[in-house]
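Subject: Structure handover

Hi,

Here is the structure you asked about. My notes follow below it.

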Amino acid sequence: MASASLLKSSPIIEKSEWVKGAALRHPSASVAARSHPATSLAVRAASSYADELVKTAKTIASPGRGILAMDESNATCGKRLASIGLENTEANRQAYRTLLVTAPGLGNYVSGAILFEETLYQSTTDGRKMVDVLLTQNIVPGIKVDKGLVPLAGSNDESWCQGLDGLASRSAAYYQQGARFAKWRTVVSIPNGPSALAVKEAAWGLARYAAISQDNGLVPIVEPEILLDGDHGIERTFEVAQKVWGEVFFYLAENNVMFEGILLKPSMVTPGAECKEKATPEQVAEYTLKLLHRRIPPAVPGIMFLSGGQSEVEATLNLNAMNQGPNPWHVSFSYARALQNTCLKTWGGRPEKVKEAQEALLVRAKANSLAQLGKYTGEGESEESKQGMFVKGYTY
Ligand code: 13P
């Protein structure tokens with residue numbers, strides 16, 4: 001993992017220690033770093049995009065706004081379309097995504113939109129670039145860059161996330177196309193362990209991706225999703241989340257990732273989906289904020305939660321509970337299902353329902369904007385928005 005120049009330039013740290021990856025954890029290593037600042041650990045210049053990365057991250061993490069995740073892969077988008085009886089054609093995907101990006105005033109509540117590659121290069125049904133429509137709405141375009149999950153050999157039936165090969169050149173092309181942030185989603189399964197191997201692989205992959213993104217001007221969203229699957233209690237989720245985030249930040253630091261220029265996309269700390277004991281929004285907030293305080297440096301500008309199969313209302317109530325006092329970071333949303341579900345069903349593929357579906361999207365976006373400000377009351381929500389959306393072993 002360590003480069004030859006790094007090994008040579010350190011006067012104190014033994015090569016074998018670097019190879020084992022133990023040197024940065026050893027107290028004497030940090031003493032060595034302090035007393036030889038020019039020669040020991042200072043080996044990497046900041047990304048030439050450093051100022052821009054900080055600015056982009058701050059824009060996305062702006063008060064009362066969050067992210068619309070609309071980056072379903074073609075396969076996942078196909079499942080969504082099938083749920084409303086539509087075929088998975090490019091024209092249907094384009095019609096649905098046009099509906100989302102043209103919702104009037106969406107930018108009042110949404111600061112960033114994560115796109116799938118197809119959408120980054122796609123036009124709306126009336127021939128405007130999707131990216132340009134987002135910019136006129138004051139929404140920063142982002143791009144899903146991972147290549148999905150595959151089985152992790154040697155693990156307990158766990159998975160790892162592909163996509164590092166060619167990532168630098170793909171990221172440079174996405175920047176040219178207008179993307180300013182990126183997303184890489186990997187998962188950790190509690191019922192399957194998680195094994196130390198799976199956690200390390202997830203953390204290392206995220207850290208390499210984050211460094212490559214920053215080098216190419218994209219703010220990386222770091223997303224190790226701890227799946228809702230399982231019948232474990234909230235304490236167990238908390239324990240696993242601490243381990244995962246500890247490891248993620250260890251490798252982010254090892255890869256010289258600039259924390260001011262990243263965004264996080266954690267799962268909220270909740271009981272497993274099949275646990276008999278449910279948690280209130282106050283309990284979810286208490287455990288999740290405790291986790292964040294223990295593991296996330298205040299230099300990180302924004303925590304943008306995923307919804308993970310919670311109902312639309314549940315995800316909003318939990319976010320609201322986390323914003324009842326000041327936090328060192330912007331605590332907000334990056335939901336897909338919890339923003340889109342009612343909207344998709346309202347639309348149902350019918351052109352005459354586009355306006356109504358856009359209003360449904362705006363209702364959710366506004367509710368989550370209020371939750372970001374800690375001012376959501378939960379009044380007047382539909383029955384549809386209270387339906388859970390958990391799917392076992394969900395892929396994206
Ligand atoms: P959900 O909010 O549906 O869990 O989506 C999460 C995600 O990773 C999308 O980018």
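Pro194 sits in the loop between S6 and helix H10 (196-215). Helices (H or I, at least four residues) and strands (E, at least two) are DSSP runs, numbered from the N terminus. Please note that this is a predicted model: local features need pLDDT of at least 70, side-chain atom pairs count only at pLDDT 80 or more, and totals for chains, interfaces and linings use all residues. Residues are numbered from 1 along each chain as its sequence is written.

Back to Pro194. A cis peptide bond links it to Gly193, with omega about -15°. Most peptide bonds are trans, and most residues other than glycine have a negative phi.

Two residues have a positive phi without being glycine. Asn138 has a phi of about 65°. Asn138 lies in the loop between helix H8 (130-136) and strand S3 (140-144). Asn138 is partly exposed, because 15 other C-beta atoms lie within 10 Å. The cut-offs: buried means 20 or more other C-beta atoms within 10 Å of the residue's own, exposed means 12 or fewer, and partly exposed is in between, with C-beta atoms placed from the backbone.

Asp157 is the other, with a phi of about 60°. Asp157 is in the loop between strand S4 (149-151) and strand S5 (159-161). Asp157 has 12 C-beta neighbours inside 10 Å, so it counts as exposed.

**The barrel**

How are the strands of the barrel paired, parallel or antiparallel? The pairing is parallel, and 8 strands close the barrel in the order S1-S2-S3-S6-S7-S8-S9-S10. Two strands pair if DSSP finds at least two bridges between them. Take S8 (residues 263-264) and S9 (residues 302-305): 2 bridges join them. Leu264 in this pair stands opposite Ile303 in S9.

**Around the ligand**

The ligand has 14 residues around it, and Ala69, Leu306, Ser307, Ala336 and Arg337 come nearest. Strand S6 (181-188) and helix H14 (337-347) are the elements that give two or more residues to this shell. A residue is near if its C-beta atom, placed from the backbone, lies within 6 Å. By class, the shell has 7 nonpolar, 2 polar and 5 charged residues. Nonpolar covers Ala, Val, Leu, Ile, Met, Phe, Trp, Tyr, Cys and Pro; charged covers Asp, Glu, Lys and Arg; the others, Gly among them, are polar.

**H14 and H15**

The axes of H14 and helix H15 (residues 354-372) come within 8 Å and cross at roughly 165°. H14 is therefore roughly antiparallel to H15 (angles over 145 degrees count as such). Axes are lines fitted to C-alpha atoms over the stretch in contact, with angles from 0 to 180 degrees between N-to-C directions.

Best wishes

Note on methods. Angles under 35 degrees count as roughly parallel, over 145 as roughly antiparallel, 65 to 115 as roughly perpendicular and the rest as oblique.
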